[in-house]
Amino acid sequence: MGKKESEVSAMEIDDPKSESSDQILPRFSINVLQLMKSSQAQHGLRHGDYARYRRYCSARLRRLYKSLKFTHGRGKYTRRAILESTVTDVRFLHVVFYMAERAWSHAMEKRQLPDGPNARQRIYLVGRLRKAVKWASLFSSLCSIKTDSRTSLEAEAYASYMKGTLLFEQDQNWETGLACFKNARAVYEELGKYGDLENQVLCRERVEELEPSIRYCLHKIGKSNLQTSELLQIGEMEGPALDLFKAKIEAAMEEARSQQAASLTEFNWLGYRFPVSNPKSRVSILKAQELEKELQGPTAESLPAEKKLTIFDKLFTAYHDARNTIRSDLVSAGNAESVKDDLNGLDKAVGAVLGQRTIERNQLLVKIAKSKLNRKRDDKSEKVTRPEELVRLYDLLLQNVADLSDLISSGRDRKPEEIAFEEECQRKSLAFRAERCFYLAKSYSLAGKRAEAFALYSRARSLAEDALNKFQSIAKKDEELKTLIKECRANSCIEHATGIMEEERVPENLSNRISTISLNDTAAQVEEKYLLDKLDVYESAVGDSNTKTAPKIERFPPAFQSIPRNPIVLDLAYHCIDFPDIENRMKKKGGGFMSRINLWGTKS
């Protein structure tokens, strides 16, 4: 096979859709959208980490340059342009694509700075987006020549999206930006009708990601009647293509809050008015109040629980930012007592509102936990709530109420609003104590402690009745407490009856166990066989895997066994033997100098 024939066969491998081997130019095929989505999802953008994705693009480009032997020189850097004649391998198109992705991700990284890009950083950001548009346009032009029609369409849609993103960031030429986004949407809508199921899903997702940008462009042009709340609702969607849109919405909302905050001069709490002089505090309080309207508005009931928890987190962040600013002002206030009094009162008022919202959030967690308490699990991985978890949540609520009631002024004439607020705290404390006692009784009931559960149910019922007497003005609370009283009464009756039945079964069970005792075959029943006793039988000695019994291999300690040993010899003839006299062999007493002196003394 000659060199030309080998090149033709390589082209056929690169392009499986080629119709004849006589084709001179290769027609490559790239699923651009799938390549982009998989690269972004696997390398950081699933969590919004643009720095990680930029590093991946740089590493990918290095590998492509090395594999293509398309490096730019060892010493002095000399850029080698990618032209139509250069693209002899599909990897050259990948190089252009990842150059555009790297420039785009670098721009988005600058956009995600904590305090937003300053003027200098924004100039750099726009420059990187211009680079991304340049590389995306080159990618589109090369794909129109070197690839099949589908790849060419996807590359054109990609370039249109990049150009629209640049105009979107520049806040200019909204008509041109709208045309770019619409062009990209039309391409993805058409491509979503063909191909495999995965490709159709990706195209539909891309169309949904482009829709908010199109609607925002129409809003800026003046051809749409979108309200600010609708724009915020659009901004709640997720996806890398929407991050720039969400940043734009947030910047617009911050600007609107700053303008609106000029009218927020006072913060009202329990009939008191505290001046708000710091613009940062005003903006934070205003943001928190907007989030409160979402939680208390007419559409609050339709919001899912996860969405409400997200709003609560944002609300807490806003109030904490306000308190940090207030405390910074307190440090810099110096010796101005009147200013300090106002700032202390404002800090106390914001802390009280924050405590109220904390109680509301914990009540939402209680509601979620109650819904999972008696629900059957459809999925084994789904977690079911235990009564102990509800007891812990009610402990938190009681602590929140105690902290909130401590903020009420005492020792002076109080306003009617303060008295009503304190009474409300007392009523909530009674209701939470009753609920806590009820779920504590449930936990004892599940443990089989009937007497303790019965006493706790009775205590919970008395607490609920006491709270009901103080909740006469709130119909919703009345219904909840009445339901709790009925459940306490029903459960206490059940525990009482169950306890009596268990006591009556004790002698019956005892008599059944005694009646089955046998003196003859007890040993046979208790006898256990071990592995060494049944080596010729195929039977497991480890036991059931569900039980924690020890494996039966050999008895330990081993049982006593009788063993043979030497016989015992008794010497019975010992006392009948006459032994010879050995007195003459024994050593005689006496001798020596002292013995002779004693002997002389006795003679005298």
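The expected span of a helix is 1.5 Å times one less than its number of residues; helices are DSSP runs of H or I with at least four residues, numbered from the N terminus. The model is predicted, so that local features need pLDDT of at least 70 and side-chain atom pairs pLDDT 80 or more, while totals for chains, interfaces and linings use all residues. Residues are numbered from 1 along each chain as its sequence is written, and side-chain values use heavy atoms, without hydrogens and water.

Q: How far does α11 reach from its first C-alpha to its last?
A: Helix α11 covers residues 279–296, which is 18 residues. At 1.5 Å a residue, 26 Å is expected, and the helix comes close to this with a reach of 26 Å.

Q: Which backbone nitrogen does a side-chain oxygen of N278 approach at the start of α11?
A: A polar contact is a pair of N or O atoms within 3.5 Å; within protein, one must be able to donate a hydrogen and the other to accept it, and residues adjacent in sequence count only if both atoms are side-chain atoms. Here the oxygen reaches to within 2.9 Å of the backbone nitrogen of K280.

Q: Is T147 buried or exposed?
A: T147 lies in the loop between α5 (119–146) and α6. Buried means under 20% relative accessible area, exposed over 50%, and partly exposed in between (1.4 Å probe, protein chains only). With a relative accessible area of 1%, T147 is buried.

Q: Which residue has its backbone oxygen 2.3 Å from a polar side-chain atom of T147?
A: Contact means heavy atoms within 4.5 Å, and T147 touches R27, F28, L93, L142 and S152, not counting residues up to four places away in sequence. The backbone oxygen at 2.3 Å belongs to C143.

Methods
Helices (H or I, at least four residues) and strands (E, at least two) are DSSP runs, numbered from the N terminus.
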